[in-house]
Amino acid sequence: DNNQISCKIITRFYREDFISGVSDLRALKKLVEAGVDIYLLNKLHTKLYLFDKSTAMIGSANFTSGGFRFNHELSLMIKEETEVLAEIQSYFDNLVEQIELLDEFKLTLERIQSEIKETNRLRDLRTDSKTQMEILAKGVNNGLIMPDEGREELGYPSAEGGDKLFM
């Protein structure tokens with residue numbers, strides 16, 4: 001049962017990243033809906049992945065298909081190094097604690113929905129509708145986004161079969 005898995009993520013939350021496609025609000029929304037605790041920290045650049053306090057990965061790869069499959073990245077995986085892993089876990093836990101103390105915030109569905117609307121509004125001001133449709137169509141046809149994700153970007157409701165990738 002996935003409800004027994006605890007997952008915490010610290011990420012940055014920059015509107016320009018969403019507008020340019022560097023970060024994906026739909027992905028963050030799916031994570032929050034799945035019960036992931038997402039904390040926001042401006043100026044974050046660290047790429048640290050911890051798994052069950054027994055494995056860590058530190059490197060340049062973003063948590064994207066580009067970061068793990070297509071880009072030239074370098075990461076170090078650490079296993080069976082109890083003291084090092086404990087220090088890395090402590091670093092992460094302290095960062096979460098600082099975020100909570102500084103009243104930075106944990107990401108909510110409401111914040112995501114608000115940001116989707118504002119991002120779309122700003123993107124629309126920068127992109128004519130024909131170009132926007134072409135970009136979304138390419139994303140759907142190349143299996144990068146599902147049709148419903150494109151429909152959501154344009155403010156349309158989901159469609160039957162729209163939750164499947166085309167390849």
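Here are legends for a few views of this predicted model.

**View 1. The whole chain, end to end.** Residue numbers start at 1 along each chain as its sequence is written, and side-chain values rest on heavy atoms, with hydrogens and water left out. Because the model is predicted, local features need pLDDT of at least 70 and side-chain atom pairs count only at pLDDT 80 or more, while totals for chains, interfaces and linings use all residues. The protein chain has 7 helices and 5 strands (DSSP runs numbered from the N terminus: helices are H or I with at least four residues, strands are E with at least two). Along the sequence they come in the pattern β-α-α-β-β-β-α-β-α-α-α-α.

**View 2. How confident is the predictor?** The mean pLDDT (the predictor's confidence in each residue, from 0 to 100) is 85 for the protein chain, and 96% of its residues reach 70 or more. Where pLDDT is low, the predicted coordinates should not be read in detail.

**View 3. Thr119, tucked into helix α5.** Look for Thr119 in helix α5 (residues 109-126). Thr119 counts as buried because its relative accessibility is 1% (buried means under 20% relative accessible area, exposed over 50%, partly exposed in between, with a 1.4 Å probe and protein chains only). A polar atom of the Thr119 side chain lies 2.7 Å from the backbone oxygen of Glu115. Setting aside neighbours within four places in sequence, Thr119 is in contact (heavy atoms within 4.5 Å) with Arg15, Phe18, Ile19 and Leu25.

**View 4. Glu87, out in the open on helix α4.** Glu87 is part of helix α4 (residues 82-101). Glu87 counts as exposed because its relative accessibility is 60%. Glu87 and Thr119 are 32 residues apart along the chain, and their C-alpha atoms are separated by 38 Å.

**View 5. The second largest pocket.** This pocket has a volume of about 180 Å³ (the space filled by probe spheres set on grid points, which are joined across faces, edges and corners). A pocket is an open set of points on a 1 Å grid over the protein atoms alone, where a 1.4 Å probe fits, with protein on both sides within 12 Å along at least five of seven lines; lining residues have an atom within 4 Å of a point. Of the 14 lining residues, Lys30, Asp148, Glu149, Glu152 and Ser158 are the closest to its centre. The elements giving two or more residues to the lining are α2 (25-33) and α7 (147-153).

Conventions:
Polar contact = N/O pair within 3.5 Å; in protein donor to acceptor, adjacent residues only side chain to side chain.
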